[in-house]
Amino acid sequence: MKPKKKPDTKHETGPEANAKPDLREVIRKHALENARRFNGKASPGAVIGKAISEMPELKQNMKGLAREVSLILRQVNALGAEKQTELLMEIAPELFEKKERKERDIFEFIGLGEKEKVVTAFPPEPSKYPHIGHAKAIMLNYELAKRHNGEFVLRFEDTNPRLAKKEFYEIHADNYAWLGISPDRTDYASDHMKEFYSYAEELIMKDQAYVCSCPREDVKLSRERGIACECRDMGPEESKKRFKEMETAEEGVYILRLKIDLTHRNSTMRDPTIMRIIDAKHTRTGAKYRLWPNYDFENAVMDAIEGITHRLRSKEFEMRNELQRHIQSLLGFGETRIFEFARFNMEGVESSGRIIREKIDNGELTGWDDPSLTTLVALRRRGFVPEAIKSFVLSTGITKAEATLTWDDLIAQNKRILDRECNRYFFIDDPARIKIKNAPRLELNLRLHPDFRERGSRSYTTGEDFYIAKKDADRLEEGKIYRLMDCLNFRKKGDAFNFVSAELEDYKKEGKGMLHWLPVQDSLVKTEVLMPDHSLRKGLAGPLVAGLDVGAIVQFERFGFCRLDDKNRMRFWFTH
Ligand SMILES: [Zn+2]
């Protein structure tokens with residue numbers, strides 16, 4: 001590597017001066033990187049933004065920065081792609097390492113050929129709310145299909161009429177649309193009942209399935225002991241007759257079983273049930289059918305009907321895999337290639353549907369969108385954005401090793417996006433009113449976002465009276481200087497507060513703490529924030545907050561990100 005140009009330090013003194021990166025070098029690096037990504041032409045706006053994020057002090061001389069960027073861009077853009085890459089590798093090799101790690105194909109292990117056909121599916125049962133684990137499964141299948149110009153099918157596995165509920169079809173579809181998934185096809189297993197009946201008959205006629213009339217207890221025992229019942233050998237004709245009878249027989253009288261092996265090492269292969277009688281109206285087909293395929297039969301047949309080639313799914317189905325592939329081979333279908341990954345565990349989050357339902361019923365949780373949960377409705381209502389959920393779930397990889405994930409991992413992804421997107425406001429939690437003696441009248445315009453002037457600002461006229469958070473007020477120390485952010489410095493003296501100055505420089509010298517604040521004025525907005533632990537924080541926010549729409553996510557400075565949930569009550573939900 002060539003020696004780097006020495007930073008120009010002649011105007012700077014002191015031990016830290018040498019550690020600062022050189023402005024031109026920083027600009028060159030970002031210009032080269034941007035050019036490399038956009039056909040050899042870097043854009044000034046992007047380079048300025050990157051340079052500022054690396055050296056925030058550059059904001060103080062935007063004109064100078066723009067001039068430097070324009071000069072350097074002229075040189076860089078003239079180099080051509082090859083030379084740009086070469087130079088960038090020389091001055092910032094770390095960018096290449098990071099890039100390569102990021103762009104590694106998480107599906108590489110599947111070994112797909114370039115032209116290989118890919119059709120994937122995600123099959124939810126419309127019986128409960130999807131959570132972040134479903135998000136992972138759907139996003140993996142969707143990504144795999146999209147990256148290979150394939151097709152993605154959203155399939156509702158709704159062949160248990162007792163469990164399939166109308167509302168959940170919509171909830172699933174809506175939640176996945178929110179995640180940015182647009183299926184090439186939406187399919188319903190309950191639309192394919194005739195096919196299930198005909199495949200069942202085919203299996204019966206091949207003597208690979210039989211209708212068993214034994215009581216449930218006997219069936220269980222025969223599986224444990226590996227002993228066949230009499231029904232097993234009655235032959236296809238008799239079984240077919242019974243199969244017809246199943247349509248009118250009482251629930252529980254007959255089951256259709258596959259004839260595999262009652263001593264099989266995998267217990268799911270011991271002559272499993274593939275169809276059973278369920279006497280309940282189906283939300284889509286009403287009372288038309290009483291004989292329903294069970295999960296494995298439905299899954300194996302639907303994969304074939306839809307032409308599914310690959311599926312990535314959670315490991316809890318591992319035991320069933322052998323059976324589902326066996327059914328596909330009995331019926332002469334191609335086998336779906338299945339890849340499993342570990343269950344998705346979030347630390348401290350209740351994920352059992354049964355327990356969640358209990359806790360909703362006894363009032364411990366507010367609903368399926370309770371802010372402590374990781375259902376998609378809850379994450380959305382709190383202010384988690386789809387891009388963050390996507391990066392988070394994909395970052396967990398396709399591995400069978402169980403790992404407990406933390407909220408912190410998800411929050412870090414979300415924060416990265418919200419930091420840019422969200423405007424800043426003041427919310428004074430549990431406000432305390434203070435008077436700062438001799439504070440001058442100030443007209444202030446505070447940017448809604450520090451990096452984007454174009455988003456506008458909050459205007460305040462301040463005098464001597466302010467609100468600050470009570471928690472902050474209680475902590476002020478005698479004689480120390482504090483600063484109201486972007487406003488003024490004051491000192492506590494006994495029970496009084498005295499104006500010191502407006503200059504940030506004065507605060508930098510001996511300031512003890514920075515506070516968020518609001519001027520005492522009529523137009524402040526009574527605001528409340530629901531926390532993930534269900535507590536409610538009440539306080540005041542600036543007047544502009546009244547103009548936000550439900551769904552807006554903001555950053556309340558020194559408090560956190562919050563999403564406006566209820567405009568009448570001005571209630572926000574705390575994001576993080
Ligand atoms: Zn039997």
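Is Tyr188 buried, partly exposed or exposed? I looked this up to begin with: Tyr188 is partly exposed, at 22% relative accessible area. Buried stands for under 20% relative accessible area, exposed for over 50%, and partly exposed for what lies in between, using a 1.4 Å probe and protein chains only.

**Ground rules.** I am working with a predicted model, where local features need pLDDT of at least 70 and side-chain atom pairs count only at pLDDT 80 or more, while totals for chains, interfaces and linings use all residues. Residues are numbered from 1 along each chain as its sequence is written, and side-chain values use heavy atoms, with hydrogens and water left out.

**Aromatic pairs.** I searched the whole structure and found 25 aromatic pairs. The rule: rings of Phe, Tyr and Trp (its six-membered ring) pair if their centres lie within 6.5 Å, and planes under 30 degrees apart count as stacked, over 60 as edge-to-face and the rest as tilted. Tyr169 and Tyr188 make a tilted pair, because their ring centres are 5.9 Å apart and their planes stand at 45 degrees. Tyr169 is in helix H7 (residues 166-178) and Tyr188 in strand S3 (residues 185-188), so this pair ties together parts 19 residues apart in sequence. Helices (H or I, at least four residues) and strands (E, at least two) are DSSP runs, numbered from the N terminus. Tyr169 is buried, at 9% relative accessibility.

I then turned to Tyr197 and Tyr289, with ring centres 5.8 Å apart and planes at 45 degrees, so this pair is tilted. Tyr197 belongs to helix H8 (residues 193-205) and Tyr289 to the loop between strand S6 (273-277) and strand S7 (291-293), which puts the partners 92 residues apart. Tyr197 is buried at 12%, and Tyr289 is buried at 14%.

I also noted one aromatic cluster formed by Phe427, Phe556, Phe559, Phe572 and Phe574.

**Charges over rings.** What sits over the ring of Tyr188? I found the charged end of Arg284 there, 3.8 Å from the ring centre. Likewise, the charged end of Arg458 sits over the ring of Phe426, 4.8 Å from its centre. To count, NZ of Lys or CZ of Arg must be within 6 Å of the ring centre and within 35 degrees of the ring normal.

**Asn294.** I located Asn294 in the loop between S7 and helix H11 (295-306). Asn294 is buried, at 13% relative accessible area. Neighbours within four places in sequence aside, Asn294 is in contact (heavy atoms within 4.5 Å) with Thr273, Ile274, Met275 and Arg276.

**Nonpolar cores.** Which residues touch the most other members of the largest nonpolar core? I list Ile132, Ile138, Leu179, Leu312, Met346, Ile389 and Leu410, out of 41 residues. Such a core is a set of buried Ala, Val, Leu, Ile, Met, Phe, Trp, Tyr and Cys residues joined through side-chain atoms within 4.5 Å. Helix H6 (132-147) and H7 are among the elements that each supply at least two residues of this core, and H6 gives the most, with nine residues. Leaving aside neighbours within four places in sequence, Ile132 has contacts including Phe344, Met346, Ile389 and Leu410. I also found a second, separate core of 33 residues, including Phe196, Ala200, Trp292 and Leu331.
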